[in-house]
Amino acid sequence: MKQFHLIFKGKVQGVGFRYFVQTLALENNVTGWVRNKADGTVESIAVASTESLHTFLEKIKKGNRFAKVQHIEITESEPKELFSNFKVMY
């Protein structure tokens with residue numbers, strides 16, 4: 001298991017991006033959370049196997065028809081906490 005701390009930059013707020021990320025997380029057996037930040041970015045903690053995390057990120061990079069991810073900051077580490085699901089935080 002690996003943990004990715006992710007910061008998504010681009011057109012990622014007000015376009016259903018967090019729910020898009022949550023759907024992809026559930027499809028790829030990724031646990032953790034996603035939330036908007038005050039600076040217009042979206043932050044996420046994602047925990048899964050390395051393979052699942054890479055598949056998850058590739059699908060996010062393709063985006064949905066409303067969101068446009070321009071850059072993803074990725075910090076990889078060992079999981080600090082295990083999550084039972086993937087949720088949208090407010």
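Biologist: What covers the buried residues of helix H1?
Modeller: The cover of H1 includes strands E1, E2 (31–36), E3, E4 and E5 (86–88), together with helix H2. The model is a predicted one, in which local features need pLDDT of at least 70 and side-chain atom pairs pLDDT 80 or more, while totals for chains, interfaces and linings use all residues. Residues are numbered from 1 along each chain as its sequence is written, and side-chain values use heavy atoms, with hydrogens and water left out.

Biologist: Which residues of H1 are called buried, and what makes them so?
Modeller: They are Phe17, Arg18, Phe20, Val21, Gln22, Leu24 and Ala25. Buried means under 20% relative accessible area, exposed over 50% and partly exposed in between, with a 1.4 Å probe and protein chains only. Each of these seven residues therefore falls under the 20% limit. Over the chain, 43% of the 90 residues count as buried.

Biologist: What makes H1 and H2 a packed pair?
Modeller: Two packed helices are described by the angle between their axes and the distance between the axes. For H1 (residues 17–27) and H2 (residues 50–62), the angle is about 145° and the axes are 10 Å apart. Axes are lines fitted to C-alpha atoms, for helices over the stretch in contact, and angles run from 0 to 180 degrees between N-to-C directions. The contact (heavy atoms within 4.5 Å) is made by Phe17, Phe20, Val21, Leu24 and Ala25 of H1 and by Phe56, Lys59 and Ile60 of H2. These residues divide into seven nonpolar, no polar and one charged. Lys59 is the charged one, because Lys is listed with Asp, Glu and Arg as charged.

Biologist: What makes E1 a paired strand?
Modeller: Two strands pair if DSSP finds at least two bridges between them. E1 (residues 2–11) has seven bridges to E3 (residues 42–48) and nine to E4 (residues 68–77), both antiparallel. Gln3 stands opposite Val47 of E3, Leu6 has Ser44 of E3 as bridge partner, and Phe8 stands opposite Ile72 of E4.

Biologist: Why are E4 and E5 called edges?
Modeller: The open sheet has the order E4-E1-E3-E2-E5, with mixed pairing. E4 and E5 each have a single partner strand, so one side of each is left without a neighbour in the sheet. The twist averages 15° from one strand to the next.

Biologist: Where do the helices lie on the sheet?
Modeller: H1 lies across E1, E2, E3, E4 and E5, at about 170° to E5. H2 touches E1, E3 and E4, and its direction makes about 5° with that of E1.

Conventions: Helix = DSSP H or I, 4+ residues; strand = E, 2+ residues; numbered from the N terminus.
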